[in-house]
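Colleague: Could you take me through this model, with the cut-offs behind each term?

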Amino acid sequence: MNARAEAASTGLDTAKLAVAVLLLAGGIWAFYFFAAYSVLLRTLGLLVIASGAAALALTSAQGRQLWRFALDSRMEVRKVVWPTRQETIQTTLIVIVMVFVLGLILWLFDTILRTIFNLLVGSGG
């Protein structure tokens, strides 16, 4: 009996997600179909329809799981120790200097190889 209830719930969740997608698609279609009306009214209508579709989608098992994931992600972002402004500036300057130094080393290496190649081949360029 439990497997039957889960199967019905899955079918209902699928139907909810399908209706939410159809609502959103219909809202987008209506936004462009009623192009003669005010952009403000069309945007508000689209926002209302999108909110309704999101609310319907969040009532499904997948929607609740997505919402729980978003909340957990937000909690994890709060745990991150962000660098200070000074640390960010110092790190950025180190990266810029290292890119410049590496570019200079590669340029010198290229110049030396080109000179050796020209000496071996005997071209004057």
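Predicted model: local features only at pLDDT ≥ 70, side-chain atom pairs only at ≥ 80, totals over all residues.

Modeller: Residues are numbered from 1 along each chain as its sequence is written, and side-chain values use heavy atoms, with hydrogens and water left out.

Colleague: Which elements does the protein run through from the N terminus on?

Modeller: Helices (H or I, at least four residues) and strands (E, at least two) are DSSP runs, numbered from the N terminus. The protein has 4 helices and 0 strands, and its order from the N terminus is α-α-α-α.

Colleague: What radius of gyration does the protein have, against that of a compact globule of 125 residues?

Modeller: The radius is taken over C-alpha atoms, and the globule rule is 2.2 Å times the number of residues to the power 0.38. Along the principal axes, the C-alpha atoms fill a box of roughly 85 × 45 × 35 Å. A compact globule of 125 residues would have a value near 14 Å, whereas the protein has 30 Å.

Colleague: Is Ser 60 buried or exposed?

Modeller: Ser 60 is placed in the loop between α2 (39-58) and α3 (61-79), and, leaving aside neighbours within four places in sequence, Ser 60 is in contact (heavy atoms within 4.5 Å) with Asp 13, Lys 16 and Leu 17. The scale calls a residue buried under 20% relative accessible area, exposed over 50% and partly exposed in between, with a 1.4 Å probe and protein chains only. Ser 60 has 0% relative accessibility and therefore counts as buried.

Colleague: How are the rings of Trp 29 and Phe 33 arranged?

Modeller: Among the 4 aromatic pairs of the structure, the rings of Trp 29 and Phe 33 have centres 4.6 Å apart and planes at 15°. Rings of Phe, Tyr and Trp (its six-membered ring) pair if their centres lie within 6.5 Å, and planes under 30 degrees apart count as stacked, over 60 as edge-to-face and the rest as tilted. Both residues lie in helix α1 (residues 2-33), 4 residues apart, about one turn of the helix. The angle of 15° therefore makes the pair stacked.

Colleague: Which residues do ring pairs link into a cluster?

Modeller: The rings of Phe 34 and Tyr 37 have centres 5.8 Å apart and planes at 65°, so this pair is edge-to-face. Phe 34 is partly exposed at 36% relative accessible area, while Tyr 37 is exposed at 53%. The cluster linked by ring pairs consists of Trp 29, Phe 33, Phe 34 and Tyr 37.
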